[in-house]
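Hi everyone, thanks for making time this morning. I'd like to walk you through one model, so please have a look at it first.

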Amino acid sequence: MIARDRVDLSIVICAHEAAGRIEWALRALARQEVPEGISWEVIVVDNASRDGTGRVARAMGEKLGLNLRVVWEERAGLIHARRCGVRAARGEFTSYVDD
């Protein structure tokens, strides 16, 4: 997946202390079959994690070739993470996926 100016879909993963499970979620996203011409991005919201969630997500995103960004939300809680994710999203549509 190649980053472009236009993004059709932003997939937001809100992750708290998810270093041990974020790889599974990103591998599942990387296996998606996306129709030609549809651009998408993955945003991992590192929600006040202390376990290296953001670092693991960046490394996996690079390894898998995902158009991935990690953003930090210092306030723990799903509502804060979702708001952070939607602010970071560039897509016309946004979808939330559990980690």
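A word on the ground rules. This is a predicted model, so to speak with care: local features need pLDDT of at least 70, side-chain atom pairs count only at pLDDT 80 or more, and totals for chains, interfaces and linings use all residues. Residues are numbered from 1 along each chain as its sequence is written, and side-chain values use heavy atoms, with hydrogens and water left out.

Let's start with the whole chain. It has 3 helices and 4 strands, where helices (H or I, at least four residues) and strands (E, at least two) are DSSP runs numbered from the N terminus. Along the sequence they come in the order β-α-β-α-β-α-β. The radius of gyration is 12 Å, close to the 13 Å from the globule rule for 99 residues, so the chain is as compact as a globular protein of that length. For that comparison, the radius is taken over C-alpha atoms and the rule is 2.2 Å times the number of residues to the power 0.38. Of the 99 residues, 44% are buried, meaning under 20% relative accessible area, with exposed being over 50% and partly exposed in between (1.4 Å probe, protein chains only). If you take contacts (heavy atoms within 4.5 Å) between residues at least 6 apart in sequence, 80% of them join residues at least 24 apart.

Now the helices. Which residues of α1 are buried? In this helix, residues 22-30, they are Ile22, Ala25, Leu26, Ala28 and Leu29. They cover an arc of only 155° around the axis, which puts them on the same side of α1; the arc is that of the directions from the helix axis to the C-beta atoms. As a reminder, an α-helix has 3.6 residues a turn, so residues three or four places apart point the same way. The buried residues of α1 pack against β1 (9-15), β2 (40-47), α2 (53-64) and β3 (68-73).

In α2, the buried set is Thr53, Gly54, Val56, Ala57, Met60 and Gly61. Their arc is only 160°, which again puts them on the same side of the helix. Arg55, Glu62 and Lys63 are exposed on the face turned away from that buried side. Cover for the buried residues of α2 includes β1, α1, β2 and β3. After α2 comes glycine 65, with a positive phi near 75°.

Glutamate 41 lies in strand β2, and at 1% relative accessibility it counts as buried. What does its side chain make a polar contact with? The partner is the side chain of arginine 69, at 3.0 Å. A polar contact here is a pair of N or O atoms within 3.5 Å; within protein, one must be able to donate a hydrogen and the other to accept it, and residues adjacent in sequence count only if both atoms are side-chain atoms. The backbone nitrogen of arginine 90 also lies 2.8 Å from a polar atom of the glutamate 41 side chain.

Last, the backbone. Most residues other than glycine have a negative phi. Glutamate 17, in the loop between β1 and α1, has a positive phi near 50°. Alanine 48, in the loop between β2 and α2, has a positive phi of about 60°. Glutamate 17 is partly exposed at 23%, while alanine 48 counts as buried at 16%.
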